[in-house]
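Colleague: I'm new to this one. Could you walk me through how to read it, one feature at a time?

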Amino acid sequence: MSEITQEQVAHLANLARIALTPDEIESLTKELGSIVDNVAKVSEVATADVPATSHPIPLQNVYRDDVPGNTLTTEQALAGAPDHDGSRFRVTAILGEEQ
Amino acid sequence: MAKAKLMDYDKALELFEPVLGFEVHVELSTKTKMFSSAPNYFGGEPNTNITPTCLGLPGSLPVVNGEAVRYSISLGLALGCQIAPSSRFARKNYFYPDLAKNYQISQFDEPIAFGGSVDVELPDGRTFTVPIERAHMEEDAGKLTHVGGSTGRIQGAEYSLVDYNRAGVPLVEIVTDIIYGAEKDAPELAKAYVATIRDIVVALGISDAKMERGNLRCDANISLRPRTAPGEPPAKLGTRTETKNVNSLRSVERAIRYEIQRQAQILADGGTITQETRHWHEDTGTTSAGRPKSDADDYRYFPEPDLLPVVPSPELIEELRAALPEPPAARRRRLKQEWGFTDLEFQDVQNAGLLVEVSETVAAGASPQAARKWWSGEISRIANARSAEASSLVAPADVASLVALIDSGALNDRLARQVLEGVIDGGGSPQEVVDARGLAVVSDDGPLIAAIDEALAAQPDVLAKIKDGKVQAAGAVIGAVMKAMKGQADAARVRELVLERAAAE
């Protein structure tokens, strides 16, 4: 059985800005634990000489030429913004007054 | 905010050894951004140089700028690093609206370059080798303007406005290993290190490297460790602070000195150093506490699934290695010889971080001595008076034009200083300032002779002395003429004419 704890789940939820109820933390702890257990089976067959995969397609060095392309207009850029001042996105201040 | 108590610098060095580390961010001057074809340009109208990728809009995908990869490899090689046979991008997850995606694409455990060193020259001529841990590629963030609150700073702001023009600009972050042994020269080493990085990226032609524009930014880590008696094992490393927002060579040096004095006083008073980010304030020359290191620094890096590994071929690496400019130390030796500077003259220029400026001014046509004279003299003086960086005040090409105007006799030194101030204050090129203000030296003898005759008539005793052969008496007349001409005359020519006219009387 994996060693995922309720504290870890609460910590992750906090980092991800997700509010969880105690019930949710309890059930997620179990679910995450079994996911980690299942994934861990892979390490039983993967030996040290198998590099970790970050991408399923065996490609590398896919580059773009350094040539400017089209950009959005300011109106387009701001179209989906919850709030703006006509040219910039407006967001809530996220830090409190300096102590 | 209470003013921090500072220990005397020499006393602090007696009790503690400063231990340093730097993170320097270099904005690459590619034509487009790191992962999108948006122009690599910011500072204009907000949110005009962005694509869906810069905003992290659903369905958009990043694609790596191949030129940025080549620039990064060149920089890694110039830093004496090994280039990773294969490196990957990673997501650095954090919630802050300077990037719209809630993560920054960076590199984590597989940086493109690692394990190098940079030789830095200290003011006393000693060479200090700064170990480089790694250099990795990442994207710059957007610019936030905090509105409301009492200070205009981030603390206490009511809301923030975001411009994403800078989001996605290619960056290389150069991270040093822990630097021991700088001792009392720690502030000077910090400045010399950043100046050397600047020299390197300018020589490579991969960055505009203007600190005042944020093209080159330094975060300075510093901790103090208590000295132990000879024979005893060294003490444990102290807790470090990371000072951000250090945007000039001068500030790098001042910030390190300040943090040494501040931390030493706290430790000597029995206090502890908080591991935190500190903000440098150019105006007061102090740092203040930012955010403490916390859970928020748990970035949960993972490999960027939208991007493929960067696997540079050995041929490409060797091609870029062969194209490297000469290393900074060799370049310094060559320039010193080419320019014919004395040790002292060269060190003055170098310690002021003006090698790039003098070099570009010479390239634009000025003599090395004239370039040195203006950068180390008048421009540095104005920079000091205004607490600004000399390089931010005026372009090397304008200094070269100014020197050309002096050499042609159109300006004398006094007028040239006025023209320089005009250029610095935004009056355009030297020639434009000359034209706009009518500052050129009067080279037509007519008005000079009229002024001389008037001055001689007003001072008959002086005229008599000159006629008696007391040539030094002419000084009084020359002074009066220069005053009448509002300084816009060539004093040597006035002297010639004064003696001529006096003899003819």
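This is a predicted model: local features need pLDDT of at least 70, side-chain atom pairs count only at pLDDT 80 or more; totals for chains, interfaces and linings use all residues.

Colleague: Okay, into which domains is chain B divided?

Modeller: Domain bounds come from an automatic or database domain assignment. Here chain B splits into domain 1 (9-311), domain 2 (336-437) and domain 3 (445-504). Between the C-alpha centres of domain 1 and domain 3 of chain B there are 61 Å.

Colleague: And how do I read a sheet? What is the order of the open sheet of 3 strands in chain B?

Modeller: Helices (H or I, at least four residues) and strands (E, at least two) are DSSP runs, numbered from the N terminus. Two strands pair if DSSP finds at least two bridges between them. In chain B this open sheet runs E5-E4-E15, with antiparallel pairing. E5 (103-106) and E15 (302-303) of chain B are at the edges with a single partner strand each, so one side of each has no neighbour in the sheet. E4(B), residues 90-93, is joined to E5(B) by 4 bridges, and Ala90(B) sits opposite Ser106(B).

Colleague: How many residues of chain B are in contact with chain A?

Modeller: Contact means that two C-beta atoms, placed from the backbone, lie within 7 Å. By that rule, 45 residues of chain B meet 32 residues of chain A. On the chain B side, E9(B) gives the most, with 5 residues.

Colleague: Last one: which residues are buried in helix H8 of chain B?

Modeller: Buried means 20 or more other C-beta atoms within 10 Å of a residue's own, with C-beta atoms placed from the backbone. In H8(B), residues 343-351, those are Phe346(B), Val349(B) and Gln350(B). Looking down the axis, they fall within an arc of 95° (taken from the directions from the helix axis to the C-beta atoms), so they line one face of the helix. Their cover includes strand E6 (113-121) and helix H10 (368-385) of chain B. After H8(B) comes Gly353(B), with a positive phi near 70°.

Technical notes
Residues are numbered from 1 along each chain as its sequence is written. Chains are lettered from A and ligands numbered from 1 in the order in which they are written. A residue is buried if 20 or more other C-beta atoms lie within 10 Å of its own, exposed if 12 or fewer, and partly exposed in between; C-beta atoms are placed from the backbone.
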